[in-house]
Amino acid sequence: MNESELMLKLRNLKVIFPSGQGIIKAVEGINLDIEKGKCVALVGESGCGKSVTSLAIMRLLNSPPAIVKVDELKLDQEELKDYSDGKMQELRGRTLSMIFQDAMTALNPVMTIGKQIDEIYIRHNHLSKKEARAETIRALDLVGVPEAKSRANSFPHQLSGGLRQRVLIAMAFACMPKLIIADEPTTALDVTIQAQVLNVLSDMQKKHQVSLLLITHDLSVVANMADTIYVMYSGKIVEKADKRDLFLSPHHPYTEGLLGSVPKLSDTQHHFVQIPDSVPHPMFKPTGCYFHPRCRYKTKKCEERMPPLVKIDENCEVRCWHPLHIKGGGSQ
Amino acid sequence: MKKKLYHLLKICGEGLKRFFRPIGSFIGKLWRHPKGRIGLIIVGLLILTAIFAPLIAPYDPYDVTERASKGLSPSWNHLLGTTITTGQDIFSMLIYGTRVSLIVGLVTGISIAFLGAIMGILAGYVGGLADTFIMRTVDIMLVIPTLPLTIVLTNLFGKSYFMIIFIFVLFGWTGLARVIRSLVLVLKNANYVKAAELAGASRWHIMIKHILPGVSHLLIMNTALTCAGIMIAEAGLSFLGLGDPTAISWGKMLADAQSGGALLFGHWWWIIAPGIGIFLSVFSFMRIGLVMEEILNPRMKQSSNIYKIFKTLNNNYLEEVFESMDESVILGDFAEKEEEIA
Amino acid sequence: MQKSYLIKRILYAIFIFFVVMVLNFFIPRIGVDDPAERYYPPQGNMTDVEYDIIKQVTREQYGFDVSNLQQFLNYAKGLFQGDLGTSFRPGNPKVSDLIAERLPWTLVLSVTNLLISLFIGLMIGTIAAWRRGRWQDTLLLNMSTISTALPAFFLALILSFYFGFELELFPAYTNPNMVSGFDWSWEAVKVVMYNAALPIISMSIGGIIGYGQGTRNAVIAVTNEDFILTARAKGLSRNQVIFKHTLRNAMLPIVTSLGMSISGLIGGAVIIEQIFNWNGMGTLFLEANNTNDYPLMMGIMLFMSAFAIVANLVTELCYSLLDPRVTVGEKR
């Protein structure tokens, strides 16, 4: 793929957290490409390193406690990994922005939401307070906050959960950045509100041709939005595929398990396929393939050696000794 | 009726068992924590000193007939010298002072824990009128100046440590009740409590069996800190002469030192000795309370420890860790390559 | 701030004052049928006849010869006219006059102490939070465990011994008549400050460290909040994050403890005043106690309570201005 088509090129990102008991390996060398104007999803259970990845791309991880090592972190062909703090501050909010999970805690409780959005315009577009407020109201209008003008003067606790999340989206889109990272943008919401908020996010992304990195544990959220999906497990990418391929023929048993946990309307006979146990503690990862203790298809080889990430076709990679739905691939 | 009483007693017994079990494991955790161990050791020594005071003290601290040896400086005969006014042995007084401090501190601390837990749970769990009444009382207690009221009450009912403990308990439960109440409000909505409610468990049953064990950690931690605070307050009241005038306490020793001319004649040991007593007892209880807090909220400790860990990190080791994550991405047809790897 | 909230808090404060007033009225009447017995306890060398006469005189003098309810009404009426009662002292001075005479002396100590503690405490607390985990922070933590275990009056004794008696730098016992008629002249201020130095230092060591540790914990707690991450993700500079987001929120718990310090301004220095022979409210109260001067004791108590009620009210109102969540009752 041509590099100029890539909005984000991430190569070999590693993040560790030293602690009193040992070293926590949160992210173990992942690669991530996001094409311009596309939506890429990063999927995995909680505790597998998704959020750490997003913060590492934003370069928001503090050291201490984190130590980050990355070979390439290119945003629109610009290498960010050696940027100074000041330069990163210029970039954040303007060309690179983020939507956080829980809007209740992600918004400052003692500041009106209007003021919190104003700050972005004042900081990056050097507007006066009055001009900034006009922009803020427009931004709130765009994400469908009713009566934006008066709502701008309310405090976060006075808004409903859905509205708060829209405020966060308005914040992220304020300066029409090139890349937006949405970290579980709808997890804290009710299902109906989730759909509304996702629609807003998806509309905004398509309308303004922004690249989006969507981080979630919920494959049903991804189904309507993402173009490419990365599945992450215990700090490593285990599968990368186009959305269609991934949903039709998952190659990694973990992906199969995740898909099995999504309820389907057509399926009235089978029960959910569930993955037993949970993600290993990042300090005590198993030998061999990290997934083998929970895998139905495991063999002796899985217990001994970590499989490499293997390219199956143009847009598809998988990390498994016995991938599913493949000719000669072992288990099926 | 009898059956019901039996049932209630059984619930209480189980609740208490659940309540006291964490205490045992807590002391274990404290002992394993280096700072907590220091606190436990000092408290243990203080308790031993209080119990065996007559064996440890070389002289009778109440003996004011030793007119010949007034105002002696420290020597092997009198480790901390003698008082200027009455010739009492200061070291023996220091040993005996442990008793008042520990008894007042422990009795008050434990009583406050009981009263505060009951009030806090009632206010938080029962809610309604009980809550309103208890919280209004707390608000009123907060604005009444404690020390002046204590002085007035000792004036009314006579000076004794019983009176002091009574007043401390009367005023001390308010803060604890507030803390417990806010925790109970959280616990009340916990799923296991809801489940018990749906299963038809009585209020008493839930309060004793589910809520009380839930607050026990917080309660133990607060009791340790309360004991420390009470010991300081007791020293202050004794210093003002509001304690039992016949008992020997560290606060009263300080008052005697001040009025007896220790400052004037330069007998600094007479002031330092009771000060060290107060410091050690308060410090040890506070240490225990703070270590418990640390055990309860491990995040707070980790965040400040991380800097120490970072200082000791070895760059070569980190490089190794990073390299251990590396791998080569294999391109091409899968089946072919798999054989190659195998 | 909502008006209804303001009115509610004021009414509540009045209710509390009423309850305190009732308590104050009844305390001297606990355990005796006739309050005159409390006011004038029987002396050993007195015959019953003599004592009856004395009681009769006391009753008439203090208005105990009417029903309890009437007594209470008279007491309340007096209070509303600013009459706190009449002392036993020679010349029967009014309690309010005695308080007015002594109050400034106490305030010199306690207000100076509070200002010093607050400003230095805030400063070192912020520094410790800033340098978290390094020597500045560790030093503050160790100091705070030591200083809380050392009672202020013990420090006062040590200071008075060393600086007063050994070095003779400052007076160890202050002269109540250190200035005749305080006139705000530089000379008079100097004399008062010279005398107040040791009491203030012994009070403020604990205060400084207490406020320092409190500030440090508050700042660190806020730094770990999600909205600080949001603020950084918006591209705000480090200073903007600290001054606009961190400090404002860290102020909240500090305001609470400041309120508690203020309500203890009058009654918090009893022992220190006694040690340094300082002619303030504390010594006045102890004198009243030694002479069984109940009207004076109860008058001072009521005054202190009223002061604490007003201080609490003001703190609550300030808090609600700083934290918009309070007015809707989420924080209580």
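Trainee: Which residues form the nonpolar patch on the surface, and what is their accessible area together?

Mentor: This is a predicted model. The patch in question lies on the surface and is nonpolar. Its members are B:Trp31, B:Ile41, B:Leu45, B:Ile47, B:Leu48, B:Ile51, B:Phe52, B:Leu55 and B:Ile56. Together they have an accessible area of about 870 Å².

Trainee: Which element gives the most residues to the nonpolar patch?

Mentor: Two elements of chain B give two or more residues to the patch, namely helix 2 (34–51) and helix 3 (53–56). With 5 residues, the one that gives the most is helix 2 of chain B.

Trainee: Is B:Ile56 buried, partly exposed or exposed?

Mentor: B:Ile56 is found in helix 3 of chain B. The relative accessible area of B:Ile56 is 39%, so the residue is partly exposed.

Trainee: How are helix 4 and helix 5 of chain A oriented to each other?

Mentor: Two packed helices are described by the angle between their axes and the distance between the axes. Helix 4 (residues 113–124) and helix 5 (residues 129–142) of chain A pack at an angle of about 115°, and their axes are 8 Å apart. That angle makes helix 4 of chain A, relative to helix 5 of chain A, roughly perpendicular.

Trainee: Is the crossing of helix 4 and helix 5 of chain A left-handed or right-handed?

Mentor: The angle of about 115° comes with axes 8 Å apart. Where helix 4 of chain A passes helix 5 of chain A, the crossing is right-handed.

Trainee: What is the secondary structure of chain C, and how many helices does it have?

Mentor: From the N terminus on, the elements of chain C run α-α-α-α-α-α-α-α-α-α-α-α-α. The chain comes to 0 strands, and its helices number 13.

Trainee: What percentage of the residues of chain C count as buried?

Mentor: The C-alpha trace of chain C spans about 85 × 60 × 40 Å along its principal axes. Chain C has 332 residues, and the part of them that counts as buried is 48%.

Trainee: What is the phi of A:Gln77, and where does the residue lie?

Mentor: Most residues other than glycine have a negative phi. A:Gln77 has a positive value. It is partly exposed, with a relative accessible area of 45%. The place of A:Gln77 is the loop between strand 5 (72–75) and strand 6 (78–79) of chain A, and its phi is near 70°.

Trainee: What is the phi of C:Asn277?

Mentor: C:Asn277 lies in the loop between helix 11 (270–275) and helix 12 (281–290) of chain C. Its relative accessible area is 33%, so C:Asn277 is partly exposed. The phi is a positive value in a residue other than glycine, near 60°.

Trainee: How far apart in sequence are the parts tied together by A:Glu28 and A:Lys236?

Mentor: The structure holds 27 salt bridges over all chains. One of them joins A:Glu28 to A:Lys236, with the closest N and O atoms 3.8 Å apart. A:Glu28 lies in strand 2 (residues 22–35) of chain A and A:Lys236 in strand 11 of chain A, so the parts tied together are apart in sequence by 208 residues.

Trainee: Are A:Glu28 and A:Lys236 buried or exposed?

Mentor: The cut-off for buried is under 20% relative accessible area. A:Glu28 has 2% relative accessibility and so counts as buried. At 4% relative accessibility, A:Lys236 also counts as buried.

Trainee: Which residue forms a salt bridge with A:Lys38?

Mentor: A:Lys38 is partly exposed at 33% relative accessibility. The closest N and O atoms of the pair are 3.9 Å apart, and the partner is A:Glu35.

Trainee: How far apart in space are A:Asp242 and A:Glu35?

Mentor: A:Asp242 lies in strand 11 (residues 236–242) of chain A and is partly exposed, with a relative accessible area of 26%. A:Asp242 and A:Glu35 are 207 residues apart in sequence. In space, C-alpha to C-alpha, the separation is 13 Å.

Trainee: Which residue forms a salt bridge with A:Lys178?

Mentor: A:Lys178 is partly exposed, at 31% relative accessibility. The closest N and O atoms of the pair are 3.2 Å apart, and the partner is A:Asp76.

Note on methods
Residues are numbered from 1 along each chain as its sequence is written. Chains are lettered from A and ligands numbered from 1 in the order in which they are written. This is a predicted model: local features need pLDDT of at least 70, side-chain atom pairs count only at pLDDT 80 or more; totals for chains, interfaces and linings use all residues. Side-chain values use heavy atoms; hydrogens and water are left out. Patches are made of residues with over 30% relative accessible area and no salt bridge: like charges are joined within 9 Å, nonpolar side chains (Val, Leu, Ile, Met, Phe, Trp, Tyr) within 5 Å. Accessible areas come from the Shrake-Rupley method with a 1.4 Å probe; for residues, only the protein chains shown count as cover. A salt bridge is a side-chain nitrogen of Lys or Arg within 4 Å of a carboxyl oxygen of Asp or Glu. Helices (H or I, at least four residues) and strands (E, at least two) are DSSP runs, numbered from the N terminus. Buried means under 20% relative accessible area, exposed over 50%, partly exposed in between (1.4 Å probe, protein chains only). Axes are lines fitted to C-alpha atoms, for helices over the stretch in contact, and angles run from 0 to 180 degrees between N-to-C directions. Angles under 35 degrees count as roughly parallel, over 145 as roughly antiparallel, 65 to 115 as roughly perpendicular and the rest as oblique. A crossing is left-handed if the near helix is turned anticlockwise from the far one by less than a right angle, and right-handed if clockwise.
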